Amino acid sequence: MFGPMPAQGFYLRHIRNLEMSHVEIQCMQPDPRPSFFLEDVNRADFIAVTAPTGIPAFHLDKVTDLRILLSRAAPDMQLASANGKII
């Protein structure tokens, strides 16, 4: 319906105050796209998320106030802002 999406899991854009916890992304076939694609997101918390290894888990465009905690998808981090960053 929307055509090819930039993420194998969640394509999140134009969001404020997002919290995702205990989410697991697992593909049936190998997919090179990131699990989470964030665009124009302000204040996002990812807690205990799991994503496939070997590929970047997050693609960040115009993202401010991001926290990733206790995740198997990426190391714990807190970013004030990110644009074009791949984690």
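These are my notebook entries on a predicted model of one protein chain.

**Entry 1: the chain as a whole**

I started with the secondary structure. The protein chain has zero helices and five strands. Reading from the N terminus, I noted the order of elements as β-β-β-β-β. I then looked up the radius of gyration, which is 12 Å, close to the 12 Å that the globule rule gives for 87 residues, so the chain is as compact as a globular protein of that length. For the extent of the C-alpha trace along its principal axes, I wrote down about 35 × 30 × 20 Å.

Next I turned to burial and surface. Of the 87 residues in the protein chain, 39% are buried. The accessible surface is about 5,500 Å², and carbon and sulfur atoms account for 51% of that area.

I also checked contacts by sequence separation. Taking contacts between residues at least 6 apart in sequence, I found that 42% join residues at least 24 apart. The chain has 8 positive and 9 negative charges, and their mean positions lie 2 Å apart.

**Entry 2: how the strands pair**

I went through the pairings in turn. Strand S1 covers residues 10-21 and strand S2 covers residues 36-47. S1 and S2 pair in the parallel sense, over ten bridges. As one example, I picked Arg13, whose bridge partner in S2 is Glu39.

Asn42 has Thr64 in S3 as its bridge partner, and Phe46 stands opposite Ile68 in S3.

S3 also has antiparallel pairings. Strand S4, residues 77-82, runs antiparallel to S3 and is joined to S3 by five bridges. Strand S5, residues 85-86, pairs with S3 in the antiparallel sense over two bridges. The bridge partner of His59 in S5 is Ile86.

**Entry 3: Phe58**

I wanted to see individual residues of S3, and began with Phe58, which is found in that strand. Is Phe58 buried or exposed? Its relative accessibility is 0%, so Phe58 counts as buried.

Then I listed what Phe58 touches, leaving out residues up to four places away in sequence. The list includes Pro34, Phe36, Leu38, Phe46 and Val49. Ile68, Ala73 and Ala74 are in it too, along with Lys85, Ile86 and Ile87. For Ile87 I also looked up the distance. Phe58 and Ile87 are 29 residues apart in sequence, and their C-alpha atoms are 5.0 Å apart in space.

**Entry 4: Val63**

Val63 also lies in strand S3. I found a relative accessibility of 1%, so Val63 counts as buried. Beyond its neighbours within four places in sequence, Val63 is in contact with Leu38, Val41, Ala80, Ser81 and Ala82. Leu38 is on my list for Phe58 as well.

Which distance did I note for Val63 and Asp40? The C-alpha atoms of Val63 and Asp40 are 5.5 Å apart, while the two residues are 23 apart in sequence.

Note on methods: Residues are numbered from 1 along each chain as its sequence is written. This is a predicted model: local features need pLDDT of at least 70, side-chain atom pairs count only at pLDDT 80 or more; totals for chains, interfaces and linings use all residues. Side-chain values use heavy atoms; hydrogens and water are left out. Two strands pair if DSSP finds at least two bridges between them. Helices (H or I, at least four residues) and strands (E, at least two) are DSSP runs, numbered from the N terminus. The radius of gyration is taken over C-alpha atoms; the globule rule is 2.2 Å times the number of residues to the power 0.38. Buried means under 20% relative accessible area, exposed over 50%, partly exposed in between (1.4 Å probe, protein chains only). Contact means heavy atoms within 4.5 Å. Accessible areas come from the Shrake-Rupley method with a 1.4 Å probe; for residues, only the protein chains shown count as cover. Lys and Arg count as positive and Asp and Glu as negative; His and the chain ends are not counted. The place of a charge is taken as NZ of Lys, CZ of Arg, CG of Asp or CD of Glu.
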